[in-house]
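Good morning, colleagues. I would like to take you through one protein model, beginning with the overall figures and then turning to two local details.

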Amino acid sequence: MPQLRIRKVAVLGAGVMGAQIAAHLANADVDTVLFDLPAKEGSPNGVVEKAIANLGKLSPAPFASKAKAAAITPANYDQHLELLRDCDLIIEAIAERMDWKKALYDRIEAYVAPHAILASNTSGLSINGLAEVLPESMHTRFCGVHFFNPPRYMHLAELIPCAKTDKQVLEGLETFLVTTLGKGVVYAKDTPNFIGNRIGVFSILSTLHHTAQSGLGFDEVDALTGPLLGRPKSATYRTSDVVGLDTMAHVIKTMADTLPDDPWHKYFKAPDWLQALIAKGALGQKTGAGIFMKKGKDIVVLDLKAQDYRPATGVADPEVVAILKNKDPAAKFAQLRASEHPQAKFLWAVFRDLFHYSAYHLASIAETARDVDLAIRWGYGWSLGPFETWQAAGWKQVAEWIAEDIVAGKAMSSAPLPDWACTPPRAASARRAAASCRVPPCPSTSASVSPTPCWANAPRRARPCSKPMRCACGMTATASRCSASRPR
């Protein structure tokens, strides 16, 4: 197909996510049309006009300047489908209902230009399932493009091809997302919740489980799982409040419904206390109360033992803080595993089960370990992804510890680590990986492992790049064409 040029984009669905995607397109001076259902009263475009007006009230601000709002053309499905004919990209961002999305595709199909890309912003529905309603001729131009909320600020965009998506379509869309919208793109396989939410939500579920097992308070856990681990200040439970406890429960249910054979399936359930908060309407930040709540000038936190709120005073113990501030990752993890302090035992368990889950599912959800790390960094704001963290801590030793805990029944699942995780490639395979990645052979590949090993960065595709790349030994090389490690 001819080289893709995206000059005009339609966004279908003026909900919170669709409207913010439209705003980000307008920020980049892309001609943007925002669609929704016709209003029942007043202006036919009233639904979209109200959504655009509400964007000005959101924080952080979706628009680079308030004047950008005027650049979005409001439209509705009854009167303006003809506008789709001029669009090079159509992003569907309606509610997460497979039947609704398919019905919309049926409705717009005749108006999609022969060269245009149709992409769904679904956060986890099957892309191949959605493609079923489309004619075969559109399958090559259909894919998933999952923006993370808020799209102006979250760097990650996941690209998910269906079985017949044209490679040039994906590369053209990736170029647009990177160069025009400033995104970091990760390719995901068509599995439930893709990469970012599959691993990220499991990390939250693991934290929920080990919080209950350890008896730590929610505020204490947040003190441990935020900046001390190189993660956002909102940590775990404050993040859940910000996202919305009802949304969190929905995502957990989606995992339970769509991943019945997952070895960790029994943990894919909202705990009773979370369901009780939702039933009371305490949904987090949007309702003013959730796991945390503001009372006057004070922040209070739910105490499960007291069945009431108490002042949020939980902190990380100095003994554990000293461990976490150790600049030697291998020593740090050895100390966490050996310590009898409840907070240290909690942290080791959370890391262990995250590493275990990520390794077990890597082959099914992503093309490379690097893609998993980037998805978690860019989508969840962590400084290091799970594989980078594991590698820095000493891959072989940590793998042995995980295997020991699996046998001892301490891990959340008895599923074994995959063979590749137990026997990472040595120098010879590192050289082969480097060669396949089109990186000049490193003179020191006999050196031992480093934070970003070549074997974790298997290439997905080649594209022009002259950026320096770091090899397994830590030396830098410049490749004429590279892929997985290219800075974006």
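Of the 488 residues in this protein, 52% count as buried. Please bear in mind throughout that the model is predicted. The exposed surface comes to about 21500 Å², and carbon and sulfur atoms supply 55% of that area.

As for secondary structure, the protein has 19 helices and 15 strands. Sequence separation can be summarised as follows: if we take the contacts between residues at least 6 apart in sequence, 67% of them join residues at least 24 apart.

Let me now turn to a pair of helices. Two packed helices are described by the angle between their axes and the distance between the axes. Here the pair is α7, residues 196-214, and α10, residues 245-258; their axes come within 11 Å and cross at roughly 110°. Because an angle of 65 to 115 degrees counts as roughly perpendicular, α7 is roughly perpendicular to α10.

Which residues make the contact? On α7 they are R198, V201, I204 and L205, and on α10 they are M248, V251, I252 and M255.

My second detail concerns A64, which is found in the loop between α2 (46-55) and β3 (72-76). Its C-alpha atom is separated by 8.3 Å from that of H24, a residue 40 positions away along the chain. If we leave aside the neighbours within four places in sequence, A64 is in contact with N27 and R152.

Thank you for your attention.

Technical notes:
Residues numbered from 1 in each chain as written. Predicted model: local features only at pLDDT ≥ 70, side-chain atom pairs only at ≥ 80, totals over all residues. Heavy atoms only, no water. Axes fitted to C-alpha atoms, helices over the stretch in contact; angles between N-to-C directions. Helix = DSSP H or I, 4+ residues; strand = E, 2+ residues; numbered from the N terminus. Parallel < 35°, antiparallel > 145°, perpendicular 65-115°, else oblique. Contact = heavy atoms within 4.5 Å. Buried < 20%, exposed > 50% of the residue type's maximum accessible area, 1.4 Å probe, protein only. Areas by Shrake-Rupley, 256 points an atom, 1.4 Å probe, with all protein chains shown as cover.
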